[in-house]
Amino acid sequence: MAKANHDSVSSVRDKMRRAAETSGMTQDQIGLKMGYAKGGARQAVSRLLNPEVEYDPRLSTILAFAKAINTSLKEIL
């Protein structure tokens with residue numbers, strides 16, 4: 001499987017950060033709605049949104065994030 005282009009991943013993650021801020025939800029709330037356990041919800045979302053962490057999220061993770069904040073996948077991609 002080919003590794004995702006860093007710039008495209010960075011762009012998606014930027015859009016995710018803006019969407020999270022616009023949602024008005026905390027990282028805990030988003031993580032819980034994505035299905036993470038209470039003890040790790042904030043950490044999982046923080047890792048997903050942190051631009052300094054080397055992480056290429058799966059499409060299923062991005063979709064779960066979009067559903068959690070009640071936005072369309074198209075808005076993020």
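Helix H4 is followed by asparagine 70, whose phi is positive, near 60 degrees. The model is a predicted one, in which local features need pLDDT of at least 70 and side-chain atom pairs count only at pLDDT 80 or more, while totals for chains, interfaces and linings use all residues. Residues are numbered from 1 along each chain as its sequence is written, and side-chain values use heavy atoms, with hydrogens and water left out.

The chain contains five helices and zero strands, helices (H or I, at least four residues) and strands (E, at least two) being DSSP runs numbered from the N terminus. From the N terminus on, the order of elements is α-α-α-α-α. The radius of gyration, taken over C-alpha atoms, is 12 Å, close to the 11 Å that the globule rule gives for 77 residues, so the chain is as compact as a globular protein of that length. The globule rule is 2.2 Å times the number of residues to the power 0.38. Along its principal axes, the C-alpha trace spans about 35 × 25 × 20 Å. Of the 77 residues, 30% count as buried, where buried means under 20% relative accessible area, exposed over 50%, and partly exposed in between (1.4 Å probe, protein chains only). Among contacts (heavy atoms within 4.5 Å) between residues at least 6 apart in sequence, 54% join residues at least 24 apart.

In H3 (residues 41-49), the buried residues are Ala41, Val45, Leu48 and Leu49. Seen down the axis of H3, these residues fall within an arc of 90 degrees, so they line one face of the helix; the arc is that of the directions from the helix axis to the C-beta atoms. In H4 (residues 59-68), Thr61, Ile62, Phe65, Ala66 and Ala68 are buried. They lie within an arc of 160 degrees as seen down the axis of H4, so they too line one face of their helix. The face of H4 turned away from this buried side carries the exposed residues Leu59, Ser60 and Lys67.

H4 packs with H2 (residues 27-34) at an angle of about 115 degrees, and their axes are 8 Å apart. Axes are lines fitted to C-alpha atoms, for helices over the stretch in contact, and angles run from 0 to 180 degrees between N-to-C directions. The crossing of H2 and H4 is right-handed, a term used if the near helix is turned clockwise from the far one by less than a right angle. Ile30, Lys33 and Met34 of H2 make the contact with Thr61, Ala64, Phe65 and Ala68 of H4. By class, this contact has five nonpolar, one polar and one charged residues. Ala, Val, Leu, Ile, Met, Phe, Trp, Tyr, Cys and Pro count as nonpolar, Asp, Glu, Lys and Arg as charged, and the others, Gly among them, as polar.

Threonine 61, in H4, counts as buried at 13% relative accessibility. Leaving aside neighbours within four places in sequence, threonine 61 is in contact with Met34, Tyr36, Leu48 and Tyr55.

Asparagine 70 lies in the loop between H4 and helix H5 (73-76). This residue is exposed, with a relative accessible area of 72%, and has its positive phi although it is not a glycine. Most residues other than glycine have a negative phi.

Serine 8, in helix H1 (residues 6-23), is partly exposed, with a relative accessible area of 38%. The C-alpha atoms of serine 8 and aspartate 56 are separated by 10.0 Å, and the two residues are 48 residues apart along the chain.
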